[in-house]
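Q: Please take a close look at one part of this structure. Which pieces surround it, and how do they fit together?

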Amino acid sequence: MTLLEPLLDPTGMEEGAADATLSPRPVSLRGLTIGLLDNTKPNATMLLEEIGARLVADHGAADTRLFTKDYFGTPVQDDLFATIVQECDVVVTAVGDCGSCSAATVADGIKFERAGVPAVSITSDSFLMSGQAMATVQGFPGFAFHAVKHPMASLNAGEVRERALAAMPEVLRILGVEEG
């Protein structure tokens with residue numbers, strides 16, 4: 001018996017692939033639950049936790065929930081995706097710092113947007129084109145995501161914190177939330 005593995009359709013022709021509509025933006029994060037989707041790359045957890053802490057402390061989010069994908073180079077698995085959509089009001093997913101993981105991080109953000117959950121995908125600037133290519137393939141060429149300065153994997157805790165703080169204005173802009 002042949003065992004088949006699910007693959008990401010690189011043509012973007014799967015059902016809903018032409019939907020380039022953002023989910024409704026929250027305007028405020030007050031009282032919302034923030035999903036943090038870690039793709040298992042080094043420093044992804046630290047980056048996401050720092051961003052989540054800032055969203056709670058500075059913007060009134062009620063809580064953060066950290067989730068971890070099985071593998072960085074493929075989109076979030078369906079059961080985990082369903083849990084996040086059910087439990088979270090917005091999602092931040094990170095960190096794309098290679099070609100396949102950047103593409104998968106952007107694909108994840110688009111998948112959440114299409115499910116009605118505002119999302120911010122974070123890649124590194126060295127793989128900006130990989131993320132843009134995935135957005136185009138997914139039928140969402142204008143999908144906004146944030147690219148932090150590369151590299152991420154080799155940074156110490158202080159440097160990751162600096163990247164997270166530098167990312168905050170873009171995270172808020174993508175979510176449609178005013179700073180302050």
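A: **Helix H4 and its surroundings**

H4 is followed by Gly139, whose phi is positive, near 80°. Helices here are DSSP runs of H or I with at least four residues, strands are runs of E with at least two, and both are numbered from the N terminus.

The model is predicted: local features need pLDDT of at least 70, side-chain atom pairs count only at pLDDT 80 or more, and totals for chains, interfaces and linings use all residues. Residues are numbered from 1 along each chain as its sequence is written, and side-chain values use heavy atoms, with hydrogens and water left out.

Now the helix itself. H4 spans residues 128-137, and its buried residues are Gly131, Met134 and Ala135. They cover an arc of only 100° around the axis, which puts them on the same side of H4. That arc is taken from the directions between the helix axis and the C-beta atoms. An α-helix has 3.6 residues a turn, so residues three or four places apart point the same way. Buried means under 20% relative accessible area; exposed is over 50%, and partly exposed lies in between (1.4 Å probe, protein chains only).

What covers this side? The cover over the buried residues of H4 includes H3. Contact means heavy atoms within 4.5 Å.

H3 leads on to the sheet. This helix, residues 99-114, lies across S1, S3 and strand S4 (119-124), and runs at about 170° to S3. Helix H5 (residues 157-175) also packs on the sheet; it touches S3, S4 and S5, and its direction makes about 140° with that of S4. Axes are lines fitted to C-alpha atoms, for helices over the stretch in contact; angles run from 0 to 180 degrees between N-to-C directions.

The sheet is open, with five strands in the order S2-S1-S3-S4-S5 and parallel pairing. From one strand to the next the twist averages 20°. Two strands pair if DSSP finds at least two bridges between them. S3 and S4 run parallel and are joined by five bridges. Val91 stands opposite Ala119 in S4.

Six of its six residues are buried, so S4 is largely enclosed by the rest of the structure. Both faces are covered: Ala119, Ser121 and Thr123 are buried on one side, and Val120, Ile122 and Ser124 on the other. In a regular strand the side chains alternate between the two faces of the sheet.

Rings of Phe, Tyr and Trp (its six-membered ring) pair if their centres lie within 6.5 Å; planes under 30 degrees apart count as stacked, over 60 as edge-to-face and the rest as tilted. The count comes to three aromatic pairs. Phe81 and Phe112 have ring centres 4.9 Å apart and planes at 35°, so this pair is tilted. Phe81 lies in helix H2 (residues 78-87) and Phe112 in H3, so the pair ties together parts 31 residues apart in sequence. Phe112 is buried at 0% relative accessibility. Phe81 is buried too, with a relative accessible area of 13%. Lys111 lies over the face of Phe81, at 4.6 Å from the ring centre. A charge sits over a ring if NZ of Lys or CZ of Arg is within 6 Å of the ring centre and within 35 degrees of the ring normal.
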